[in-house]
Every structure is written in structure tokens, then in C-alpha cells.
Amino acid sequence: MTPGLWRTRGERAPVWPGQNWPLGATWSAEATNFAVHAPRATAAWVCLFDDDGVEERHRLTEQTLGIWHGAIPGVRPGTAYGFRAAGPWDPEQGLRFNMNKLLLDPFAKAVSGGLTVDPAIFGYVTGEPERMSRADSAPYVPRSIVVDDQFDWGEDQPLRYRWRDSVIYELHVKGMTALHDRVPEELRGTYAGLATPAVTDYLRDFGITAVELLPVHQFVSEPALVELGLTNYWGYNSIGYFAPHNAYAASGDRGEQVTEFKQMVKAFHEAGLEVILDVVYNHTAEAGALGPTLSFRGLDDRGFYCRAGDAGPGAPAQDTYWDVTGCGNTVDASNPFALRLILDSLRYWVTEMHVDGFRFDLMSALTRVHHRVDMDNHLLMGIGQDPVLRHVKLIAEPWDASMDGYRVGEFPPPWVEWNDQYRDEIRDFWRNHSSGIRTVATRLAGSSDLYLDDGRSPYASINFVTAHDGFTMRDLVSYEQKRNEANGEDNRDGTDNNRSWNHGAEGETDDPALLAVRRRQAANMMATLCLSNGVPMITAGDERGRTQRGNNNAYAQDNEVSWIDWRPDDAWLDVYEITKTALRLRREHPALRQRHWFEGRPTIRGGAKDLAWLHPSGREMTGDDWHDPNLRAIGMFVSGDPLRAPGPRGEQEVDRSFMLWFNSDWHPQKIAMPENDWVQAGEVVLSTDVELPVGTHIKAGDGLSIGRRTVVVLREA
């Protein structure tokens, strides 16, 4: 809203009593009901805005169970509104009521406009945090929008792919199409742009089953970033948990973004692709005690955010926020209203927006009860018992910004987890810094050390080598030092533990030999990822050699640094083809995506072991081999005759058997193919070794040479 357009007509007559549920704005032909949770407020108003920015305040005279509510006739979909709340100003006790601040509806289904950084957006006077600000924030903050939920979904139904059949592609709504020459220019960087065949056909042809969208809940940029001339590109700064981010809509932000988002989901489903949302419930954009007052802080600061001195219900709230997110505040998911908001939000995105699952950012922060991680907390229990949520895909980022928040391998079923131990071990293996071949084998086979003991399957591990946070695959093989100067923090931000290798020269190069090594290493890691037991997650653009020019924390780079370059001239198309081949093999062969754990013994009497690890000499690995610090090559035999898991009718399933060789050594390896009673011949079906091309036939007992730093996959002939 342009500041000069704002003015007020003052208060209007009392509204109808309405009802205290559902929360937010609920439109009907007769009236729109407004309900907002502010249990400690002494008064509340709903403020309506016309297209010229004129405000009409309507006092809500009814309060039921801490919820202020009322219905206003004649309010149509597309109407902009906000709330104001009066009450005590006592920051020391977590009471920050200030009716001069226009507040977003926590349950708003759409948001219009953005945030303008101005002293008025803060609840206190600049430089005097204990003194309440009298400046009105309405000209500078976004507005909530009344929405009509009607949409024709047609035949749309959840796809419900099994985890073992899933391949995830992590992408950014804007970055995926901002530079895409086959997407209409007016749709680039939007939900509608993602829904075009140029995107959906590409992903389906490549072998993806699910897109994981970086945050699409309404978010704003941090004031400090704005002052640097930057924006929060990734979106991990949520302020509206029901509203699709308005800047990603090509059609408008007065409710049109809701319809456009639904059309995108419908298009993905028609293409056979599930939609998973990266959700950020652990903190909000209001930051620490000196952050802006935008919504929750002005309605129930004391109840919604964790305090450092919080000893439990009824204890005094202290002004010091307790922060295990690194973002200034932590949402208290044990608070009944916060818990309700999260569960209602999740259900809304499943039932009304038809999304298929969620990846929870810093999930450990949401498991806290009185600061302590508790896997029996109300949120996990509530999701597990919910008839809607327990059947969608649930992914935990199993850590937060604290030491005790690292909980990889500890989340209960049906949760699956981002497995950073897989990431680190595979990176180290291919740069010859592995902690041992035994650990590498454990990661390739599904990380049983993390997930077997609590009854979960290998698919509980979301395997990844890169993600949005960190180097891209191309940068992982091109840089050893981060290049984050553009973020405005003097290169202090971003991790220094990159586990990367530039292969002899820092940054981009025109040296064809060096480029060939880097591309082969990228292909090695992509093939390893796609053929490991568990669920592979690919970061958008890695298959094409996307670079961020060494920036490993590009959260503030809403430009070509972060966007995918779709031009073919600089694309690593050989990496693309290797990755696509690996995904095709995985899709066509259940032996390469098994549900049950390997047991290292035959599935039937007299048969081959379901899994055997081979030394390059041709023998099965021995105890001494597993502890050989110089061993950098290993063979993985996977039997498909028969598989351990039964078919859909209980029938015994049979597949081809595979021999996978991983050689990270800087020397070629002489490999002896063992003679055996089960597999007599094989064919190379994937290879990063130019001297051992696809189509090469190998017999049992033959010897072959595998090039340095290569992956070779043989399928039973």
C-alpha cells in the first residue's frame, strides 16, 4: 500500500455477533465472519480497506474462549482487511498490545502487498524498546484478503506414491522458471509458470515423482536485508501459514494467487507429480524482541513464542525470547493456539489446496516441551493421530540451531528424515576423505544404523548430496572456499564445512581435462544418490550443472546466481544423461528400490544372498577389508531372484540382479568378477568410465578394469 493513500473514516457501528469458528475470515453470501485469537486483549477491531486505502474500523464486541469475533454483511471476496488489538503494554511480561499496529490475520488465506521498512512497523519507539510506539503501521504492512474457496478440482485425487517409488526434486517457484525460454515471459517465476508443459514434461521425462517447493507460505524480507538492498529469496521467514506467497502469482494478489496455486497443483497431478511443501512453523518473520509487530506479536506474544525463562504453564514470561532457530524467535508448539494453527494449516493445504506432503524446516524446534526435545510431544502425536495428516508424506529436517536438537534417526513413524550423514559420507567418499568403506556401504544400503532399530524401512532416509542450503553439485566439485560476499556479511555467513574438492583449481575453468574430471565426479555422485537404498532428493538444476558461483548461502540472491540457467551452451548434459539413466534403472527395477532391509543371506533356500559386498579381488569383503583405510573401491551385488518383498497379492517377485562398482580411488582398479552359481553374465547399463561404455558384456570369472573415480553398473543378462 502506498503510504500517501492511507486514511481512515473512523469507527463504524457494531457488527453482528458472528461465531468464534472457524478462525480467520469466512465468506458467505450473507456476511463475512471474522474470528481472531487474542485471549489477553481488552478490545479488538477488524479493519476493512477499500481500493483507495481508506480504512473502516469495526469493533468486535464478542469474545468466546479467548477469540474475538463478529460478522459484517456485504463484505465480498477480494476485500482487504487486518486486525487491531488493544491491551496492556508490558514487554517484560510478554504483553505487546498496540492498537496502532495493523495486524495480519494468522488464518488469512491470501495476503495483498508487501512490507515497507519504516519505524512504524515496530511496536516500540526506535532506540527505546520499553516505550510503546504511537505511529500507525497501516501504510507500511501487507493486508489480509477475504477469499472464496470455490474451485473446480475435476477428477483430481492424491497420487499417493509409495516412498520406495518416490524421487524428490527440490525447487524454488521463481528460480525454476525465471530464465526459462520455453515458459511465456509473463508467467516466468510464478505458480502458473511451473504449471506449463515446459516444466511438467521435463520433470516427468527426467524421472521425478514429486516436487518439493521451497517455502510458499506468505513471507517477508527481514528489515536488515532490505536495508542492504537485498531480499529473502528462499522464503524461510513466514508470516502467513494459510496464504500462498503473493509475489509468485501472475494473476494478482487479491485472492487470485489461491486459484493460481490450485491450478498449479492440479497440473502437477495431471503430469503424475506430487507436490510437497517446505514449511517453516518453527519461527516467524517477527524475529526477536526488537523485531517488527506484524501479526502474532500483537495478538498473543506471551503465548505464541517461547521465552528463555519459561518454566511451564503459568510461569511469568520474560522479555528474552528463547531461540533455537537462529532467527530470533521459536514458536511454542506446546501452546494450544500455536498447536491448533499448525494443525489447521496443514489440514488446509491438504484438503483445500490438494498438496501431498510436507518437509518441516528445523523440526526439532517444534518438538520442544519446556525447552527439552520430546518425541512424545503434542504436535507429533496430533499429526500421527489425524485422519488427514497421518496419510500424507511427512519429512523432518531432524535438527535445529542448538546442540541438543540434532535428532537424525530419532523421529517416530510415519516420519522420514533428511539424512545429512548420507550427504557427508558420500561427499567424503568421492573426495577420498571417507571415514571408512564400512560407513559408505551402510549409507548405500539405506542407513540401517539410523533407522532399523525403531522398525522403520530404508525409505525413512531421504538421501541427498546437495540441497538449497550449501554448494550446488557443480560448485561442490569446483570450489573449496565459499564466495558469499554478495550477501553483505563479509563472507561470514554460510558453512565452512563444505566437504568439497575443486580438483586442483578454485572456481570456474576452461581447462578441458579439469572440466572432464569435475563432470565425471558430479555424475558419480548423482548416480550414487539415485542408486542408493532410500529416497533420493535432487536439487533443481544439479543435473544440468547449475552454479551459484561459489555462494553456499544464496538465501538473499534473487537473481541469476540462484535462478536456473536453461541455456544449453553451458549445461552439463552428460551429467543429465547419467542421472536420467540411473533414475530409469531405479524406476524399472524394484531390486534397486527395496522396501525391506538387506539381510546378507539368501531370500530362498539355495539362492544368492540378497546383498553381497565384494572386494576388487573378487572375494566377499572380510573383517579386515572393512577396516582397510586404503580401500576406496567396493562392489555391491544386489540379487533380484527373488526379491524379499512380496508383490501386491502376496506373490513372489523376481527381478534382474545387479552388480554396482564404486571406485573413488585416483587409480584404476582391476576387478575380478567372481564365478558363482546364480549370475553367469551381465551387461554394462550405466558407466561414468569412457573406456567401459554402456552395452559392454561381461561374463562371470572375467576380469575388467574400472577407471579411476568411476561408477559402473552391470545388469544380469
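H503 sits in the loop between helix 13 and helix 14, where helices are DSSP runs of H or I with at least four residues and strands are runs of E with at least two, both numbered from the N terminus. Although H503 is not a glycine, its phi is positive at about 65°. The model is predicted, so local features need pLDDT of at least 70 and side-chain atom pairs count only at pLDDT 80 or more, while totals for chains, interfaces and linings use all residues. Residues are numbered from 1 along each chain as its sequence is written, and side-chain values use heavy atoms, with hydrogens and water left out.

**Backbone geometry**

- Most residues other than glycine have a negative phi, and most peptide bonds are trans.
- H503 is buried, with a relative accessible area of 13%, where buried means under 20% relative accessible area, exposed over 50% and partly exposed in between (1.4 Å probe, protein chains only).
- D490, likewise not a glycine, has a positive phi of about 55°; D490 lies in the loop between helix 13 (473–476) and helix 14 (512–531), and at 63% relative accessibility it counts as exposed.
- W21 and P22 are joined by a cis peptide bond with omega of about -10°, and P22 belongs to the loop between strand 1 (7–11) and strand 2 (24–27).
- A cis peptide bond also joins P413 and P414, with omega of about 10°, and P414 is found in the loop between strand 23 (393–396) and strand 24 (416–419).

**Nonpolar cores**

- The largest nonpolar core has 148 residues, and those with the most contacts inside it are Y169, L203 and F360; such a core is a set of buried Ala, Val, Leu, Ile, Met, Phe, Trp, Tyr and Cys residues joined through side-chain atoms within 4.5 Å.
- Helix 7 (residues 336–351) supplies the largest share of this core, namely ten residues.
- A second, separate core of 22 residues includes W68, Y81, A108 and L299.
- Leaving aside neighbours within four places in sequence, L203 is in contact (heavy atoms within 4.5 Å) with Y169, L171, M176, I208, V211, F268 and L273.

**Cysteines**

- Zero disulfides are found in a search of the whole structure, a disulfide being a pair of cysteine sulfur atoms within 2.5 Å.
- C327 is in no disulfide, and the nearest cysteine sulfur, that of C306, is 14 Å away.
- C327 counts as partly exposed at 30% relative accessibility, whereas C530 is buried, with a relative accessible area of 0%.
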